[in-house]
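These are notes for a colleague who is opening this model for the first time. Please keep the sequence and the coordinates at hand while going through the points below.

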Amino acid sequence: MNTPLLRGLLALGFALALWQGVVWASGVPPFILPGPGRVGASLWANAPLLWEHARFTAANLGMGLAAGVALGVATALNLALSPGARLLLRPMLIFAQAVPVFALAPIITLWLGYGAPSKIVVVMLVIYFPVTSAFFDGLMRLPAPLNDLAQMMRATPLRRLFLLQLPNALPALASGLRLAVVYAPFAVLIGEWVGSSRGLGYLMLMANGRGQTDLMFAALLVLAAQSLILFALFETLSRGRLDRAGQ
Amino acid sequence: MTTLRLRGDLWMGTAPLIRDLALDLPASRWSGLLGPSGVGKSTLARLVAGLPGPYRLEGAICPEDGKPLQGRVAMMAQEGQLLPWADCVQNVTIGARLRGVRPDVTRARALLAQVGLKGLERRRPAALSGGQRQRVALARVLMEDCPIVVLDEPFSALDTLTRLAMQDLAASLLQGRTVILITHDPLEAIRLSDQAYLLGPDGAEVLNLPASPVPRDYTAPETLAAQAQMLARLHRVESETCAG
């Protein structure tokens, strides 16, 4: 057994023991704070239900992320290439960020309904700004010697963008994507809380209403697991590619 | 081939940098430009290379053949002009790719072999030594195949022995081109230049060089004597600048 895994298991065991310890020591009733055993049992008993809702949430998360990243990357490239676009779009972008997207979630649900599209759009809007902003900054921060190089070599603007600015901006894009991956699960949960008939957020609200605190915790654990898997997936895919690109 | 004539006053913003500049940079020869730091050596390099900056030339820089300079100048700087994410071949062919022309990879590999990097073509700059990185930069200058080459302190960041080796390599590979060598190292100027100027706020003075052929032997007494003489002169200029 390798050490990182062992250390992880040890930390997990410690956390569970601490949790159980608090439950025992405080004597709070299970409908306020269920112990890990109860939550585990609920997780097991409700596995098909959780799986069904988790799939819906994961699909919205994935599609929202893909759409937001695609839109953010396209915007940043466009801004970097065109001074006109910078003049017109940048103030709008900053204004859009000043409006908390979470506050827009009810409006978006009103427009797009209780189904998947409203969740996807909320995720997309939440991650759009960090991706655009980080990537655009990276694109505009071409080191002076490379700027000179482009000038000396009589580079066309488009080729300068794709051969110099884009590779130089990949580490910046990676930090934007990392933020996106962290924000996205929040966003999808907000979308589901505002109005939904499926998904882990919906399941949590429903379980709360029925006093099924153990199911609420089980849904929370599944959502946390989704976030962790997403983050781990991103780190595995990006490591040694995006981050190292600028070194 | 192209002789360059430079006449006029060089300004940095609203302050004069060099007055009454009169430089003749003869075709197919190495012209060394020396001077204390801050005198405007690198600004002059940017001027010849056609790069923008806060400077202004009141006067003219004219190639004797009357054709425009644009596209006929290649430049090699101290460091930082290699793409960190690209390997040697990609770095050497970046000019063609930036212009949207099909890069000649065979020629790039041949040039890399010529500068002594055979077998290292797939390496990225981070996996090369300082000297090797400047070899890649030199191969790129050769790839651009411009009649005029500006070298702006190209070997300043290298250790002494690597620097001497790079000077020999550059001297042999850039033969036949009009080279403008900007340096603060008197020995470098003496070893490589066919003619050398000392830059100051009041213009450029011609410096005396030994009669021996370039690249001059760094152990020869006349080279060392010229170095001592030039160092003393630079030192005098530097202390006058500081006092003023």
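1. In this predicted model, B:Gln227 is in contact (heavy atoms within 4.5 Å) with B:Pro186, B:Leu187 and B:Ile190, once its neighbours within four places in sequence are left aside. B:Gln227 belongs to helix 8 (residues 221-243) of chain B, where helices (H or I, at least four residues) and strands (E, at least two) are DSSP runs numbered from the N terminus. With a relative accessibility of 19%, B:Gln227 counts as buried; buried means under 20% relative accessible area, exposed over 50%, and partly exposed in between, with a 1.4 Å probe and protein chains only.

2. On conventions, residues are numbered from 1 along each chain as its sequence is written, while chains are lettered from A and ligands numbered from 1 in the order in which they are written. Because the model is predicted, local features need pLDDT of at least 70 and side-chain atom pairs count only at pLDDT 80 or more, whereas totals for chains, interfaces and linings use all residues, and side-chain values use heavy atoms, with hydrogens and water left out.

3. The pLDDT, which is the predictor's confidence in each residue from 0 to 100, averages 90 in chain A, where 96% of the residues score at least 70. Among the elements of chain A, the highest mean, 94, belongs to helix 3 (residues 47-81) of chain A, and the lowest, 85, to helix 4 (residues 83-98) of chain A. Where pLDDT is low, the predicted coordinates should not be read in detail.

4. In helix 9 (residues 200-209) of chain A, the buried residues are A:Leu200, A:Gly201, A:Leu203, A:Met204 and A:Ala207. They lie on the same side of helix 9 of chain A, because they cover an arc of only 160 degrees around the axis, the arc being that of the directions from the helix axis to the C-beta atoms. These buried residues pack against helix 3, helix 8 (157-194) and helix 10 (213-238) of chain A, and helix 9 of chain A is followed by A:Gly211, whose phi is positive, near 70 degrees.

5. Chain B has an open sheet of three strands in the order 2-1-4, with antiparallel pairing; two strands pair if DSSP finds at least two bridges between them. Its edge strands are strand 2 (15-25) and strand 4 (55-63) of chain B, each of which pairs on one side only. Strand 1 (residues 4-12) of chain B is joined to strand 4 of chain B by nine bridges, and B:Leu4 has B:Pro63 as its bridge partner in strand 4 of chain B. Helix 1 (residues 41-49) of chain B packs on this sheet, touching strand 1, strand 2 and strand 4 of chain B.

6. A further open sheet in chain B holds six strands in the order 5-6-7-3-8-9, and its pairing is mixed. Strand 5 (73-76) and strand 9 (203-207) of chain B each have a single partner strand, so one side of each is left without a neighbour in the sheet. Strand 6 (residues 148-152) and strand 7 (residues 178-182) of chain B pair in the parallel sense over five bridges, and the partner of B:Val149 in strand 7 of chain B is B:Val179.

7. B:Cys62 is partly exposed, with a relative accessible area of 36%, whereas B:Cys146, at 5% relative accessibility, counts as buried.

Note on methods:
Axes fitted to C-alpha atoms, helices over the stretch in contact; angles between N-to-C directions.
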